[in-house]
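Dear colleague,

Please find below the structure for your review. My findings follow it.

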Amino acid sequence: MNNQVLEIRLSPKGIKPVRNGHPWVFRNALGGRPRPAALPPDVLRTVTGNGLCWDHTRPAIVSDPTGTPIGWGIYNEASRLALRMINRNPSSAIHRGTFEELIRAACRRRDSLFLQGDTDAFRLLFGEGDGFPGLVADRFGTDLVLEFSGAFAWDNRRWIAEEFRRTCSAERIRLLPDREMLGREGVSPTDDREGDRDHDDAREQDAGDASSSVVIHENGLPWRVRPGSGQKTGHYSDQRENRRRAGELARGCAVLDAFCYHGGFGLTALRCGADRVVCVDSSGAALEMLEENRSLQEAPRERIEVMRGDVFEMLRADAVVPEGVASFDLVILDPPKLAPARRHRDAGLRAYKDLNMAALRLMKPGARLITFSCSGVVTREEFRTALAWAAVDARRVVRIEEVYSQGADHPVPLHFPEAEYLKGYLLALD
Ligand code: SAH
């Protein structure tokens, strides 16, 4: 029976972070093999008899090392991340309503965040940040993209999409598997892709086919986005507040937007009164979208220069513009994850240091640098230390003026600091 409820005991060491509210349990923190749970029949029926799909995962009642139940979780035999806690209440058996309520609560929180009405693109649900592991939901105006990185979320994608449709009246919902993450969960979405298509209704589309675009508004500025295609879910909504702030700081400035993607920072800066903006990215497709957005926003062509290239190389050779990086008042560095996984952490930290050193070395006195790391495995302290070394090696005196993070639609549970993946600083050069 594949929906059998399991009982999982945690090891004495494994229980500690869970007691402190952490939702993840790795396999080496389990105190032995999961066993079928001895629970009253009505509890078993609640968990297994309500339309949840348990293809790749199992519901589990989780106990401390002495066998006292402490809450409910989802177990995955195939994953190193073996167990994800869902609640801390053994008498509240998980069922479909548990997860529907997580979706509704996440949407309600966004309702009270975006009251101003000048933004209609944001993250509606942020995985563990909203208590729903392996699922991300991004709203793009009337469209929704659901991205699945967890086996449980993927197996239950049909009713999850339905619940979102009911809760926030989306016109179109796209389902996007994160194949790499799902692979680690023992799921290979390509295998059942054909089957998927058969079941798709007209409003639910495979994101791979998403050629249509929508116009969204962020901080009052229009953007053309192709939901579910390009990078991430199509648009980096996590930088929304930081773009707004960068825009304020950019007034009258010459701005370098390095790793610009669709020009999120650069075009916002232009709209806010930057003198001149240079945008650099290595992706031709991203730069085409940037041009589309420049035209949509009616930004003057003569004040923006768009360049395709490798930022690392261009900084090393001071080859971004003929006048040199010293001609910019404000430089923005928003690279992709330079430490995509734990094993890349040290190399990633070196890359952050080198990148920022290269920029600081060339920048003029009095200029400002807005610099980010979006690597989840790099902590804020580590990033800050890398920046400090960059300043030392660039022989610059640098002050932190502001500290940045992801927007409020990417909430960070206090007991799950890993959710805070985006770290940024505004640095001022003496
Ligand atoms: N600042 C953007 C998001 C940047 S995402 C925004 O506000 O939306 C990171 C970008 O870096 C991607 O667009 C990717 O194409 C680009 N990129 C990755 N490696 C690069 C490199 N070595 N040089 C230039 N661009 C790079």
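Helices here are DSSP runs of H or I with at least four residues, numbered from the N terminus.

This is a predicted model, in which local features need pLDDT of at least 70 and side-chain atom pairs count only at pLDDT 80 or more, while totals for chains, interfaces and linings use all residues. Residues are numbered from 1 along each chain as its sequence is written, and side-chain values use heavy atoms, with hydrogens and water left out.

Axes are lines fitted to C-alpha atoms over the stretch in contact, and angles run from 0 to 180 degrees between N-to-C directions.

Helix 8 (residues 240–250) packs on helix 9 at an angle of about 45 degrees, with the axes 8 Å apart. This pair is therefore oblique as well, and the crossing of helix 8 and helix 9 is right-handed.

Turning to the ligand, 17 residues surround it, the closest being Arg243, Asp281, Ser282, Val311 and Asp334 (a residue is near if one of its heavy atoms lies within 4 Å). Helix 9 (264–271) and helix 11 (311–316) each supply at least two residues of this shell.

A polar side-chain atom of Asp281 lies 2.6 Å from a ligand oxygen atom. Ser282 places a backbone N or O atom 3.1 Å from a ligand nitrogen atom, and an N or O atom in the side chain of Asp310 is 3.3 Å from a nitrogen atom of the ligand. The protein covers 89% of the 580 Å² of accessible area that the ligand has on its own (Shrake-Rupley method, 1.4 Å probe).

Kind regards

Definitions and conventions
Polar contact = N/O pair within 3.5 Å; in protein donor to acceptor, adjacent residues only side chain to side chain. Parallel < 35°, antiparallel > 145°, perpendicular 65-115°, else oblique. Left-handed = near helix turned anticlockwise from the far one by under 90°.
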